[in-house]
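Colleague: Before we discuss particular residues, could you show me the model and state the conventions behind its values?

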Amino acid sequence: MSSTPLQADERYMREALSLARQSPVLPYPNPWVGCVIVRSGKIVGRGFHHGAGTPHAEIEALKQAGPRARNATLYVNLEPCCHFGRTPPCTDAILQSGIRRLVYAIPDPNPVVNGQGAAILSQHGLQIISGVCRAEAAALNEVYLKFRATGLPFVTAKVATSLDGKIATRTGASKWITNTKARRRAHEIRREHQAVLVGVNTILADDPHLGLRPAGPVEPWRIVLDSRLRIPLRARVLKSGRCIVATTASLASPKAEQLKQAGARVWRFDGTRVPIKSLLRKLARDGIFSVMVEGGSEVLGSFHDLRLIDRIYWFFAPIIIGSQQSRSAFGGKGVSQLKQAARLRNFRFEQIGNCWMVRGNISCWALDQTDNENTL
């Protein structure tokens with residue numbers, strides 16, 4: 001039984017979506033993009049974007065297709081670009097190739113594109129089909145879409161607690177609440193983010209490395225909230241060469257200079273506490289679009305109070321710590337009424353050894369291929 005034109009378009013678009021995630025490194029500040037070129041029912045070209053400064057997916061696919069691209073259909077999950085950036089416009093290459101039909105999933109919200117790429121190709125006679133596999137394509141590029149709409153990075157919170165929601169005992173002991181498998185799973189999630197953010201109290205208590213295990217091709221940035229520059233010069237995060245210390249202390253202080261000499265970037269903000277939203281905007285302007293917040297309690301609470309968390313991964317260990325003096329996962333002000341509580345949607349459970357993980361979306365920017373009405 002032959003497929004309908006829409007079914008064929010969806011099949012090839014899903015191939016493009018699959019290709020998009022093959023980049024060995026995170027593409028940010030660019031989006032994930034994959035491309036398939038089809039002629040007479042056969043794929044003649046495939047490509048995906050390998051990261052900033054490299055050829056776009058369409059260019060790779062056109063190169064592979066060569067003269068077979070003439071009169072073919074090009075499938076791409078994001079509208080082709082029409083401007084000069086680090087690379088030339090994809091629309092020019094598509095027109096030169098003789099492609100006769102373009103199928104794309106979602107428009108590129110970049111203001112220098114935003115419908116103009118498709119319009120240029122349409123003006124030159126190409127048949128344009130949009131919206132194929134729209135939900136899957138939006139979910140794939142949720143980070144990029146959030147930045148383009150808000151100027152903020154996508155924020156993921158990672159929490160590891162006892163069953164009663166504690167991250168440490170009343171004496172501050174916290175190693176280790178979860179098991180080795182759960183910590184390994186947390187490192188897999190960390191690999192999906194450009195930066196890991198913690199408060200200075202986490203550095204003082206645990207001296208974490210905050211890197212990838214095993215090491216990856218690109219290590220994440222370590223971001224430390226440290227209003228009074230209490231971070232020790234021997235802290236392991238400083239040895240990464242990819243550490244940003246956000247502070248309110250004077251940049252002229254001896255400690256700030258010592259941190260710079262140790263290889264850190266020191267960002268100063270006005271006030272007595274680092275303004276989190278201003279920090280996030282600055283990170284996004286510097287090309288850091290995805291941030292994983294790993295604690296501690298007051299930092300997580302501050303992000304929650306400001307409604308800045310998009311997705312959460314919560315690891316539970318089968319232990320009970322107890323005590324009002326034990327540190328809870330989320331500090332801050334919290335909510336005064338249950339109707340104000342953050343509610344997870346599209347949540348899922350995963351058993352990891354003798355621990356459990358709940359993954360859930362919180363903000364409207366956290367997307368999945370399908371949506372449901374589940375709430376906790």
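Modeller: Contact means that heavy atoms lie within 4.5 Å. This is a predicted model, in which local features need a pLDDT of at least 70, side-chain atom pairs count only at pLDDT 80 or more, and totals for chains, interfaces and linings use all residues. Residues are numbered from 1 along each chain as its sequence is written, and side-chain values use heavy atoms, with hydrogens and water left out.

Colleague: Is A72 buried or exposed?

Modeller: Buried means under 20% relative accessible area, exposed over 50%, and partly exposed in between, with a 1.4 Å probe and protein chains only. The relative accessible area of A72 is 1%, so this residue is classed as buried.

Colleague: Which residues is A72 in contact with, leaving aside its neighbours within four places in sequence?

Modeller: A72 is placed in the loop between α2 (57-65) and β3 (73-78); helices (H or I, at least four residues) and strands (E, at least two) are DSSP runs numbered from the N terminus. Leaving aside neighbours within four places in sequence, the contacts of A72 are I37, V38, R39, G98, I99, R100 and R101.

Colleague: Which residues have the most contacts inside the largest nonpolar core?

Modeller: A nonpolar core is a set of buried Ala, Val, Leu, Ile, Met, Phe, Trp, Tyr and Cys residues joined through side-chain atoms within 4.5 Å. The largest such core has 49 residues, and those with the most contacts inside it are M13, I37, L74 and I99.

Colleague: From which helix does the largest share of this core come?

Modeller: In soluble globular proteins, nonpolar side chains tend to be buried together. In this model, the largest share of the core amounts to 7 residues, and its source is helix α1 (residues 5-20).

Colleague: Why are α2 and α3 described as roughly parallel?

Modeller: Axes are lines fitted to C-alpha atoms, for helices over the stretch in contact, and angles run from 0 to 180 degrees between N-to-C directions. Angles under 35 degrees count as roughly parallel, over 145 as roughly antiparallel, 65 to 115 as roughly perpendicular and the rest as oblique. The axes of α2 and α3 come within 9 Å and cross at roughly 20°. That angle makes the arrangement of α2 with α3 roughly parallel.

Colleague: How many charged residues has the contact of α2 with α3?

Modeller: The contact is formed by E58, I59 and L62 of α2 with C90, A93, I94 and S97 of α3. Ala, Val, Leu, Ile, Met, Phe, Trp, Tyr, Cys and Pro count as nonpolar, Asp, Glu, Lys and Arg as charged, and the others, Gly among them, as polar. By class there are 5 nonpolar residues and 1 polar, and the number of charged residues is 1.

Colleague: Is the crossing of α3 and α4 left-handed or right-handed?

Modeller: The axes of α3 (residues 90-97) and α4 (residues 116-123) come within 10 Å and cross at roughly 25°. A crossing is left-handed if the near helix is turned anticlockwise from the far one by less than a right angle, and right-handed if clockwise. For α3 and α4 the crossing is right-handed.

Colleague: Which residues of α3 and α4 make the contact?

Modeller: These residues divide into 4 nonpolar, 2 polar and no charged. On α3 they are T91, I94 and L95, and on α4 they are G117, I120 and L121.

Colleague: What is omega for the cis peptide bond that joins Y28 and P29?

Modeller: P29 lies in the loop between α1 and β1 (34-39). The cis bond from Y28 to P29 has an omega of about 15°.

Colleague: What is omega for the cis peptide bond that joins R213 and P214?

Modeller: P214 is found in the loop between α8 (200-206) and β8 (221-225). For the cis bond between R213 and P214, omega is about -5°.

Colleague: What is phi of L210?

Modeller: L210 is also placed in the loop between α8 and β8, and at 4% relative accessibility it counts as buried. This residue is not glycine, yet its phi is positive, near 65°.

Colleague: Which residues does G331 touch, not counting residues up to four places away in sequence?

Modeller: G331 lies in the loop between β12 (311-316) and β13 (345-352), and its relative accessibility of 16% means that it counts as buried. Not counting residues up to four places away in sequence, G331 touches S297, E298 and G301.
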